[in-house]
Amino acid sequence: MGKVAIGAAVVCGIAVAAAAAVVVHRKTKKSGRWVKAMEILKEFEEKCGTPIPRLKQVADAMIVEMHAGLASEGGSKLKMLISYVDHLPTGREKGLFYALDLGGTNFRVLRVQLGGKGRGIVNQQFEEVPIPPSLMTGSSDALFDYIAAELAKFVAQEGSDFKQSPGRQRELGFTFSFPVMQSSIASGTLLRWTKGFSIDDMVGQDVVAELAKAMERQGLDMRIAALVNDTVGTLAGGRYNNNDVDASVILGTGSNAAYVERAHAIPKWHGLLPKSGEMVINMEWGNFRSSHLPLSDYDHALDTESLNPGEQIYEKVIAGMYLGEIVRRVLCRMAEEAAFFGATVPPKLEEPFILGTSIMSAMHQDTSPDLKVVASNLKDILEVYF
């Protein structure tokens, strides 16, 4: 577990440093307002500092929380969810498999032909399907009937270059990237919706059972073999290509990690130990927090004003949904206190979350030594993007 925690701390250091690197380290004229701007950046850089001793403190704190989360439900900020995945791919798998990935405003369907040892993926096809907004707040039957209908269309398009083993039922892996409490490899109760979904009659229900019923209504003969979240799925994909892979990290809109744990090191596991002796753990590490995390005043303000104050602190300092907002807050202060953009603050810069994380790379490329040029270029970037 130590390797995973240290990796998390390193990621945190890189992420917050990236925010500070937007305009820092430029050689500039010693104008009064530029000196003030650099003071603001220097203060931010110091707050985000991640020297090796601090990274070790963060790693140690995460290890403590990991052990607590493995010991009991609710015993830690880290949920350390048991995935019921006790065997990962070996690269020797052979046959035709389907996958459904539901985790946002689009879902994806995939079919893949695995060729067995030494052949890997022989063929694959996938489609991405948008979900109508009305279905995101409607009923569970309406949502899953729509998904099952699109899946049935996709299966019907299966070409002759995909070979199903005779007498074998088609199998589907279901990636469901919303909070669920699993009770087996192919069942899980929805705890709550996120990402704009709000379907009340689905909360507390088994998502696999709901999908299976919708598939049956479509006349689709297919067995849902596994329910996983995207982090566990990423780990499985990594292990398929490399038998030494033991952990996976998602760094996107949000952030999470999964890893392979020894089954006997999970006190809250009350069933028979799996024959493999291992269990994949979904850490849900976005909710980690520690006094050792390098949190600036901007981080604290963002958290206070968020929809879930006090929660997902680690995610808020490393994930794509938030890094651009941190940069926006730094630039706002520079604009207000150092006239970084001239006499006025660009109106759009005052809009929360208007500055996407993807824009940071474009801003970082500006190496002009002249304050006026830098400010003008940043204004141009804002106008282009917004």
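## Helix α6 and its surroundings

Contact here means heavy atoms within 4.5 Å. In this predicted model, helix α6 spans residues 230-241. Its twelve residues reach 17 Å from the first C-alpha to the last, close to the 16 Å expected at 1.5 Å a residue.

Five residues of α6 are buried: T231, V232, L235, R239 and Y240. The cover over these buried residues includes the strands β3 (106-115), β4 (121-130), β8 (222-228), β9 (247-251), β10 (255-262) and β11 (278-282).

## Nonpolar cores

The largest nonpolar core contains 38 residues, and L172, F174, F176, W193, L211 and M215 have the most contacts inside it. At least two residues each come from β2 (94-102), β3, α4 (140-156), β5 (170-176), α5 (207-217) and β8. Helix α4 supplies the largest share, eight residues. A separate core of 25 residues includes W34, L302, Y322 and V327.

Beyond its neighbours within four places in sequence, W193 is in contact with L143, F176, F178, S198, I199, M202 and V203.

## Aromatic rings

The structure holds nine aromatic pairs. One of them joins Y98 and F154 edge-to-face, at 6.1 Å centre to centre and 90° between the planes. Because Y98 belongs to strand β2 and F154 to helix α4, this pair ties together parts 56 residues apart in sequence. Both Y98 and F154 are buried.

F107 and Y146 also pair edge-to-face, with 6.2 Å between centres and 85° between planes. F107 is buried, at a relative accessible area of 0%, whereas Y146 is partly exposed at 22%.

The charged end of R111 sits over the ring of F154, 3.9 Å from its centre. R111 also lies over the face of F162, at 5.5 Å from the ring centre.

Note on methods
Residues are numbered from 1 along each chain as its sequence is written. This is a predicted model: local features need pLDDT of at least 70, side-chain atom pairs count only at pLDDT 80 or more; totals for chains, interfaces and linings use all residues. Side-chain values use heavy atoms; hydrogens and water are left out. Helices (H or I, at least four residues) and strands (E, at least two) are DSSP runs, numbered from the N terminus. The expected span of a helix is 1.5 Å times one less than its number of residues. Buried means under 20% relative accessible area, exposed over 50%, partly exposed in between (1.4 Å probe, protein chains only). A nonpolar core is a set of buried Ala, Val, Leu, Ile, Met, Phe, Trp, Tyr and Cys residues joined through side-chain atoms within 4.5 Å. Rings of Phe, Tyr and Trp (its six-membered ring) pair if their centres lie within 6.5 Å; planes under 30 degrees apart count as stacked, over 60 as edge-to-face and the rest as tilted. A charge sits over a ring if NZ of Lys or CZ of Arg is within 6 Å of the ring centre and within 35 degrees of the ring normal.
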